[in-house]
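Open the model in your viewer and keep the selection tool at hand. The tour goes from stop to stop, each with something to select.

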Amino acid sequence: MSTPSLDRTIDLRHYLMILWRRKGLVILSSVTVFCSALIALRFMPNEYEAQVTLNFPERQTLVRPLEQVMGDRSSSGRASEVEEVQFANLMARIQSRAFLEKVAGFLKMTENPGIRAAAAAYRAKHPGAESEDFAMRLVVQRLQSRIRFAVVGPGIYRVIVRDTNPESARDLAKYVSELYLDHARAAAADQFLAQHEFVRDQLAKYEGDLRNAENALKRYEESMIGESFSGTVRAENLKTAEALHRRVKKGAEDRELQERVRSRGLSGLGLAPVDADPLCERPTVRELAGKMKSALEDAVEDILAMSGGGTGAGESSNWPPVQYVAVQRELLALLGSEARERAPQSTEKVNQELAEYTFTRIDAQLQEDCANQLEQSIEGFRRQAQSKPADDMELQRLQAEVLKNREWLKTFKDQMIASTTRQSMEAADLGVLPQILDPAKLPLTPSRPDRMKILLAALLLGPVLGAGLAFLGETTDATLRTLEDIRRVVPEPVLCTTPLLRKLQPRQRGLRRYWLPAAVSGVLVLTLLVFIASFTVLRGLATGRSTNVVVPEAPSTQDAPSR
Amino acid sequence: MALDDELRSDHPMTNEMHKLGSHLWRLVQNESRKVVLVTSALRGEGKSTTVAYLSAALAMHPGRKILALDTDFRNPSLNRHFGVMVHHGLAEVLRGECTISDAILHTGLANDGSGLDLLVPDPQDADPDVLLNTPKLAELFRFLRHGYDMVLVDVPALIPVPDGATVMPHCDGVILAVMAGLSTRHHVRRARELCIGLGAEILGVVVGNVQQAAPEYMDVNYYGYAAVRSKKRAPRPRVNP
């Protein structure tokens, strides 16, 4: 008893017998495909390819660091990415309609009789259309289908132009590559110029903005700094300032009391307080009074500055300050001498009383002023403390604006330098733009069609197609051919297998017997022939007719490629 | 080459027919299946050839009395295999115009009352449907069962004509002939359905065109028996009718 795995063994002879049985179909298919290939090759026009090799040189040793310093994004990234971008740019620019229109216009390709005829036919069908426009579109379309690109190596790309006329192919390749180089150079120059102008405008704008922001910040900071001690009174020394204020106030009140007492004393001696005014107006006295005031204010500021937040620091410190006391003594001595000098006829007592009264009045006034200033500072600090958050925010905003404007200014200054440097590099031809490595040459042999390849493919394809059709026919054939087939239909045992004694006479002969494979092969061959014919005709339309490039004899300096 | 000579040779047909004959003879001995019908789905699938070779193979053994009955009135071919002339045919027997013994033909394989006999129709016979539906057909089969050790019946193809279906109820078993590379699966399936529908027991299948159906079976020298058989088998003496 056979196992299922043995039943499933593949017998190659079985498949060979299928092919042998349907050998006519295989032979017919092979011959048909080969003949179709021969016919197609007979009508297929030869095509020639001219190629130009462009070199996008790698950045020189000097250029790359310069560009990196200048922050050029085009040179950043890996080399492969840069090359991909270069290749994509090359393809996009050359395949662009505007570029090809320039090529077509320069080479007068729209004057080709074939193109003219096609344009006239199109205009006859579409009366509203412009025949010139259609001719240009047709030429551009054909050019797009005839130009292809290849990567030769790192930074080296090939532009390949195909045409049925080898000279046209060469001329097209030449002018396409040269126009591309001119465009690249012009585009780079335009880019430099535009970038330069833009950066310059931006630089001026941000310089103005920075100036305004700095002025606004300065004004705000100045407005925040009040007079006198408003800058020195802070949260840390507020209590010290208050204690100091009380002491100065108390000192002033004491002096005021002394002044009243001395005023009565003067009245007893026959003098009035106005008699002290000339003494007060004496320049030396005024000068020394100014010194006293400075000493008093310095002392107050020192105490506030030294105070770190302790309570009652102003009360515990020495008051009145030593410098102030020293100046007081000088003033008192000066007033005594001034009084004697002013009224030498008066008695010593009168002069002494007048000097002391004047001193008391000046001192009372100074201390009163100091107390008032201190009080204003304390009040100012309290007001400022209430509005501090909004002020801080405004201050921060102004500071941030200044910083931002400074950064922008720096960036645009860098870009200005970069733009200038790149322009200089380009002027010095440091290898930023592409160059033609290998110019277009006249192609000597046609590149298409590859007859040997097509015939070999047809030789292979024909039998394969025939074999496929044979197996297709076998699968759709209901004839019982093997014991397995018979066993599937009749489960009874096969008692014997007899040989064929005479040639088997098929019940259906000719195409009736092979109707399905014949039909399929007929359809396939027909499709193949139609495809080949259409392909040949379309190729003939698209590329078969040479555009007969008219090479200008003396191109003008504006229009013609410079190289 | 005559049929009996072919059967004595090492032809692959010989081996297969001896194999089939042995199988059928065992059926005769064990189950008393004396009348075996050979048919096929369509014509040209090897019915008559199988009956001729099988009956000859069975009759080659001494003491066996075999009859080959051809009921194909439309295209009688059995007699051509043996090269005998028909004087009184099956139609005359069924019409009662002659006796069965007069219509039976003795082949060159007949010997001392044993061997192979034939009963075939005349070429002039017509309307087989009427003839095969007469009561004499049953009487004929009864006579043959008693007179012979085994009867092989050749009938027309089952699908195009009803003759085979008419004769089938009188037989003990059916052998279905299938020609590889010619028979189609739907025809063979239909023939099998007809047999089963008529209550016949299909004993087995004889597959023709082994070259295509199972080419590996064709290599008789594979087992190294061909030379041995050719040396050992002695030719049987021929007996003229």
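This is a predicted model: local features need pLDDT of at least 70, side-chain atom pairs count only at pLDDT 80 or more; totals for chains, interfaces and linings use all residues.

Select helix α7, residues 113-125 of chain A, and helix α8, residues 131-146 of chain A: their axes cross at roughly 130° and come within 9 Å. The crossing of α7(A) and α8(A) is right-handed.

Now show the side chains at this contact. From α7(A), select I115(A), R116(A), A118(A), A119(A), A120(A), Y122(A) and R123(A). By class, the contact has 9 nonpolar, 1 polar and 2 charged residues.

Step back to helix α6, residues 97-106 of chain A, where the buried residues are L100(A), V103(A), A104(A) and F106(A). After α6(A) comes K108(A), with a positive phi near 55°.

Next, bring chain B into view. Here 38 residues of chain B are in contact with 24 residues of chain A. Elements of chain B that give two or more residues to this side include α2 (12-31), α3 (47-59) and β7 (202-208). The chain B side divides into 19 nonpolar, 14 polar and 5 charged residues.

Last stop: select strand β5, residues 494-498 of chain A, together with β7(B). The two strands pair in the parallel sense over 4 bridges. Within this pairing, C496(A) stands opposite V206(B).

Technical notes
Residues are numbered from 1 along each chain as its sequence is written. Chains are lettered from A and ligands numbered from 1 in the order in which they are written. A residue is buried if 20 or more other C-beta atoms lie within 10 Å of its own, exposed if 12 or fewer, and partly exposed in between; C-beta atoms are placed from the backbone. Axes are lines fitted to C-alpha atoms, for helices over the stretch in contact, and angles run from 0 to 180 degrees between N-to-C directions. A crossing is left-handed if the near helix is turned anticlockwise from the far one by less than a right angle, and right-handed if clockwise. Two residues are in contact if their C-beta atoms, placed from the backbone, lie within 7 Å. Ala, Val, Leu, Ile, Met, Phe, Trp, Tyr, Cys and Pro count as nonpolar, Asp, Glu, Lys and Arg as charged, and the others, Gly among them, as polar. Two strands pair if DSSP finds at least two bridges between them.
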